[in-house]
Amino acid sequence: MAEAALATNHPAVEDFIARGYHVFPDGVDPAAASRLLAKIRALRTFGADLFLSEAEFDANPQYIGVNPVPGRNLLEGFEKDLAFVEQDPGIVAAVSALLGDDYEILVKKLICGVPASVVPDWLKARIAGNPVNNLGAYVRPPYRDITYFYGIDFHQDLIDYRDREADFITLYVYLHDVGAHDAPLFLLEDSHKLAGTLFPHDLTKNESGWLYRDGRGGEVQTRQHLLTGKTGYAAMWHACTLHGTQPDAADNERLSLRYLLARKPGGAARGIDAVNATLQGPLSLEATRQDLDARGRARFKGNSVNKA
Ligand SMILES: O=C(O)CCC(=O)C(=O)O
């Protein structure tokens, strides 16, 4: 307990308790971010040739196993180039305060917000209004070493971790300037306070942001915060903090690094324990989502973030 009490002195822990996320005031080295981006762009063009044809897709639809995995992850070729994030002193200090200095990287991958200009019309028609438009199912297999989004409704990152405690955080780094039209992340401040809740979430837009209800009788008024910033912008959030993106309306893709960082199981109390002690709800869920059928296909249409 003494350690958790000490750790709460770090601004990242204070921000997680107060609002569910932390923006790094100085980000990370923009020159290193640009160098990495240039190397990635030299490998990939992010054009319409990313996608299967409609006939190819329909011949064998695969909705599961279409994200990067060990052995098929573009970032595996860039370990040294990622030191500007993984060894940035501000990042290391903040993450250590939350998770302990023996924290581990659960997942790291490149995320591409695919621009409207390259998504084929047949695909746009099929996925319009879906809550989760992860396009991996429609991308040619060799390109599935990146995760591709055409918008995703407000969700918690706990969504992918049934029965796991919210003992991990997400770190996002923009590899180029991201403005309002580049599919920036929308994040709902204070939404973490209701802890784990089932996706899709009960959200009602109002003048101050969104009223968020947990289905258990609890509710919180949240403020919508747009994560826009320059190259090297870095922010991290709690596994129960709601966030999402709208489809990328710009002509260019948005390329970002996404890390999931976790505390080592067991051990002494950490800043994350102090954060979690303030939440009003379960820290883990037996079921995290109810939007998919048995094959992993969207069961219904509906999306809040597109109304933001
Ligand atoms: O980058 C995006 O468009 C959405 C990513 C996201 O929300 C996530 O990976 O949890």
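Ile 111 stands opposite Thr 147 in strand 4. The exercises start from this pair.

The model is predicted: local features need pLDDT of at least 70, side-chain atom pairs count only at pLDDT 80 or more, and totals for chains, interfaces and linings use all residues. Residues are numbered from 1 along each chain as its sequence is written, and side-chain values use heavy atoms, with hydrogens and water left out.

**Exercise 1. Find how strand 2 pairs with strand 4 and with strand 12.**

Step 1. Strands are DSSP runs of E, at least two residues, numbered from the N terminus. Two strands pair if DSSP finds at least two bridges between them.

Step 2. Take strand 4. Strand 2 and strand 4 run parallel, joined by three bridges.

Step 3. Take strand 12. Strand 2 (residues 104-113) pairs with strand 12 in the antiparallel sense, over nine bridges. There, Val 107 faces Leu 260 of strand 12.

**Exercise 2. Describe the shell around the ligand.**

Step 1. List the residues with a heavy atom within 4 Å of the ligand. They are Ile 111, Phe 149, Ile 152, His 155, Asp 157, Tyr 172, Leu 185, His 243, Thr 245, Arg 254 and Arg 258.

Step 2. Sort them. Five are nonpolar, three polar and three charged. (Nonpolar: Ala, Val, Leu, Ile, Met, Phe, Trp, Tyr, Cys and Pro; charged: Asp, Glu, Lys and Arg; polar: the others, Gly among them.)

Step 3. Look for polar contacts (N or O pairs within 3.5 Å). Ligand oxygen atoms lie 2.9 Å from a polar side-chain atom of His 155, 3.2 Å from a side-chain N or O of His 243, and 2.7 Å from a side-chain N or O of Arg 258.

Step 4. Check the cover. On its own the ligand has 290 Å² of accessible area (Shrake-Rupley, 1.4 Å probe), and the protein covers 97% of that.

Step 5. Assign the shell to elements. Strand 4 (147-155), strand 11 (243-245) and strand 12 (254-262) each give two or more residues. Strand 4 gives the most, with three.

**Exercise 3. Which strands form a hairpin with two residues between them?**

Step 1. Strand 7 and strand 8 form this hairpin.

Step 2. Pick a pair. Asp 202 stands opposite Arg 213 in strand 8.

**Exercise 4. Locate the backbone exceptions at Pro 200 and Asp 163.**

Step 1. Most residues other than glycine have a negative phi, and most peptide bonds are trans.

Step 2. Check omega. The bond from Phe 199 to Pro 200 is cis, with omega near -5 degrees. Pro 200 sits in the loop between strand 6 (185-189) and strand 7.

Step 3. Check phi. Asp 163 has a positive phi, near 65 degrees. Asp 163 belongs to the loop between strand 4 and strand 5 (168-174).

Notes. A residue is near a molecule or strand if one of its heavy atoms lies within 4 Å of it. A polar contact is a pair of N or O atoms within 3.5 Å; within protein, one must be able to donate a hydrogen and the other to accept it, and residues adjacent in sequence count only if both atoms are side-chain atoms. Helices (H or I, at least four residues) and strands (E, at least two) are DSSP runs, numbered from the N terminus.
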